[in-house]
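Keep the sequence and the model side by side as you read. The text below walks through the fold one region at a time.

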Amino acid sequence: MAETEEPTMRDPAAVVKAYDIRGVVDDELDEGLAQTFGACFARLVPEPEVVVGHDMRASSPRLARAFIRGVRGQGSDVVRIGLASTDMVSYASAALARPGAMITASHNPPHYNGIKLCRAHAEPIGWDTGLSTLLRMARTATPGPGPTVRAGDVRDHPVLLGYRDHLLALAVPDAAPRRRVTAVVEAGGGMAGLTVPAVLGALPVEVIGLNFAVDGNVPQPDSDPMKPGYTVELRARVREMGADVGFAFDGDADRCVVVDERGETVPPSAVGALLAERALAREPGAAVVHSAVTSQSLVEAVNALGGRTTRSRVGHSYMKREMARHRAVLGVEHSGHYYFRDFWNADSGLLAALHVLAASVATAVPVSELIRRRTRYTTLPETAVRVGDPEERLHEVARVAGARADTTCDWLDGLTARRGDGAWFNLRPSQTESRGLLRLNVEALDAQTARCLRAEVLALLEEAAPSRPSVPPHAPVPAAPAH
């Protein structure tokens, strides 16, 4: 008989975001709701089997079990891959031709958790490709048993070695020149502590691991590798050990930030330009997708190589969709997400790291020199700003910015305003954290101009906005959910 569904009183709308499910454990996302999502997902897909993996968070195993109960209650079988990085689930989904679910909240604090979903072959599921339907199903009623009285089966299927072999085949062909290098890697107690030893251990790479013990308590409260505090020890150890390179991964290891041999953090857009050069050497004239807040230096580098660029909204489901639409060889986000057509358009922090290693080894050129000519602009660290009414403040900033003769605005992903001197800013609502948080990115040809522009935007946000201006006809607000 199908297992009994656990009723849930939690509101699914509180945790369904633009491209994943995420919320505070037990307060917003509990086992009952995870089971409901599992049942809805099995009905949404539907497929005979669903791949399920989970990260190291203390709450992840029980939420994974609940999600599996929901899937099985609909008569679908489960391929349980256990402890995994997000890109391991992508690999399993593609290798087995099955839809997948990853229980993770990425870099969020320990009291958060969530679910990332994909169809077979790692095809993304976002708001307009399934999540809105999933939310409607979950809100309508707790799904009952499926059309069969038989509960689905569960089989365990380890994928780490297959995942390793696939990444190595993509980034490190046998013909590549070999030299031994030293890499310092910050895992932050997350899933890179599982994947990095397995993958880099197969190469002539001496790995100096930091926080490699997979820790369910998430010792780094905010494992966002883009925040300087997360990489303090990494940068110091690279310098101290005379290492060739450093890598920092977030909790579910789908993001990677690179540190050069001087202990300096490399802008993700510069890493993206390096990856693009390798990809375009294999396929001249191909397309590269980049997020709306990626540096202009990436665009210029791709154009100089004869490639084509196209912009996308931030978020894995949007990036993967644009990559498929343009048959792009690479996708780059400013936050350290790198997407690869050869990896089913999915993102993989470790595959990006392998390409950086391979480029340095093949050319015998230090990482700093590989990157130097690919960094032309000053890009300031992303600033998070909490406001009372994000939509109202966005339109007030747009009104002021758009009134300037040398400024053009667009609304592809929040508000992007570009000035005639090459400086630009993007202001957009967060899609993974609480409502009321705006994210500000700023870039200019020099640091002084960038800092002044950031100060101007922050001052506008602090000013009172008594009424919302009308939206110009050419600048519609994107229809993503404001959760």
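## A walk through the fold

Asn211 has a relative accessible area of 35%, so it is partly exposed. This residue of the predicted model sits in the loop between strand E9 (205–210) and helix H7 (232–241). Its backbone deserves a look. Phi of Asn211 is near 55°, a positive value in a residue other than glycine. Most residues other than glycine have a negative phi.

Asn345 is not a glycine either, yet its phi is about 65°. Find it in the loop between strand E15 (338–340) and strand E16 (346–347). Is Asn345 buried or exposed? Its relative accessibility is 14%, so Asn345 counts as buried. The cut-off for buried is under 20%.

Now step back to the whole chain. The protein chain has 483 residues, and 59% of them are buried. Its secondary structure comes to 14 helices and 22 strands. Take the contacts in the chain with a separation of 6 or more: residues 24 or more positions apart account for 70% of them.

Ala14 lies in the segment before strand E1 (21–24). Its relative accessibility is 29%, so Ala14 counts as partly exposed. Which residues does Ala14 touch, leaving aside its neighbours within four places in sequence? They are Arg22 and Glu28. Leu135 is 121 residues away from Ala14 along the chain, but their C-alpha atoms are separated by 10.0 Å.

Next comes helix H2. H2 covers residues 60–73, which is 14 residues. From first C-alpha to last, H2 reaches 20 Å, close to the 20 Å expected at 1.5 Å a residue. The helix is mostly covered, with 10 of its 14 residues buried. Among the buried residues are Leu63, Phe67, Ile68 and Val71. What covers the buried residues of H2? The cover includes helix H1 (31–44). It also includes strands E2 (49–54), E3 (77–83), E4 (100–103), E5 (112–119) and E7 (154–156). After H2 comes Gly75, whose phi is positive, near 90°.

Helix H11 is the next stop.

Begin with H5 (residues 160–171). The axes of H5 and H11 (residues 349–363) come within 9 Å and cross at roughly 40°. At that angle, H5 is oblique to H11. The crossing is right-handed. On the H5 side, Tyr163, Leu167, Leu168, Leu170 and Ala171 make the contact. They meet Leu350, Leu351, Leu354, His355 and Ala358 in H11. By class, the contact of H5 with H11 has 9 nonpolar residues, 1 polar residue and no charged ones.

H6 (residues 192–200) packs on H11 at an angle of about 35°, with the two axes 11 Å apart. Here too the crossing is right-handed, H6 passing H11. H6 contributes Thr195, Val196, Val199 and Leu200 to the contact. H11 contributes Leu350, Leu354 and Leu357. The residues of the contact of H6 with H11 divide into 6 nonpolar, 1 polar and no charged. Leu350 and Leu354 of H11 take part in the contact with H5 and in the contact with H6.

The axes of H8 (residues 268–282) and H11 come within 10 Å and cross at roughly 75°. That makes H8 roughly perpendicular to H11. Val271, Leu274, Leu275, Arg278 and Arg282 of H8 make the contact. Their partners in H11 are Ala352, His355, Val356, Ala358 and Ala359. How many residues of each class does the contact of H8 with H11 hold? They divide into 7 nonpolar, 1 polar and 2 charged. His355 and Ala358 of H11 meet H5 and also take part in the contact with H8.

End with helix H13 (residues 390–402). H13 has 13 residues and reaches 18 Å from its first C-alpha to its last, close to the 18 Å expected at 1.5 Å a residue. H13 is mostly covered, with 10 of its 13 residues buried. The buried residues include Leu394, Val397, Ala398 and Val400. Glu392, Arg393 and Glu396 are buried too. The cover over the buried residues of H13 includes strands E19 (407–410), E20 (415–419), E21 (424–429) and E22 (437–444). Helix H14 (447–462) is also part of that cover.

Definitions and conventions:
Residues numbered from 1 in each chain as written. Predicted model: local features only at pLDDT ≥ 70, side-chain atom pairs only at ≥ 80, totals over all residues. Heavy atoms only, no water. Axes fitted to C-alpha atoms, helices over the stretch in contact; angles between N-to-C directions. Helix = DSSP H or I, 4+ residues; strand = E, 2+ residues; numbered from the N terminus. Parallel < 35°, antiparallel > 145°, perpendicular 65-115°, else oblique. Left-handed = near helix turned anticlockwise from the far one by under 90°. Contact = heavy atoms within 4.5 Å. Nonpolar A, V, L, I, M, F, W, Y, C, P; charged D, E, K, R; others polar. Expected span 1.5 Å × (residues − 1). Buried < 20%, exposed > 50% of the residue type's maximum accessible area, 1.4 Å probe, protein only.
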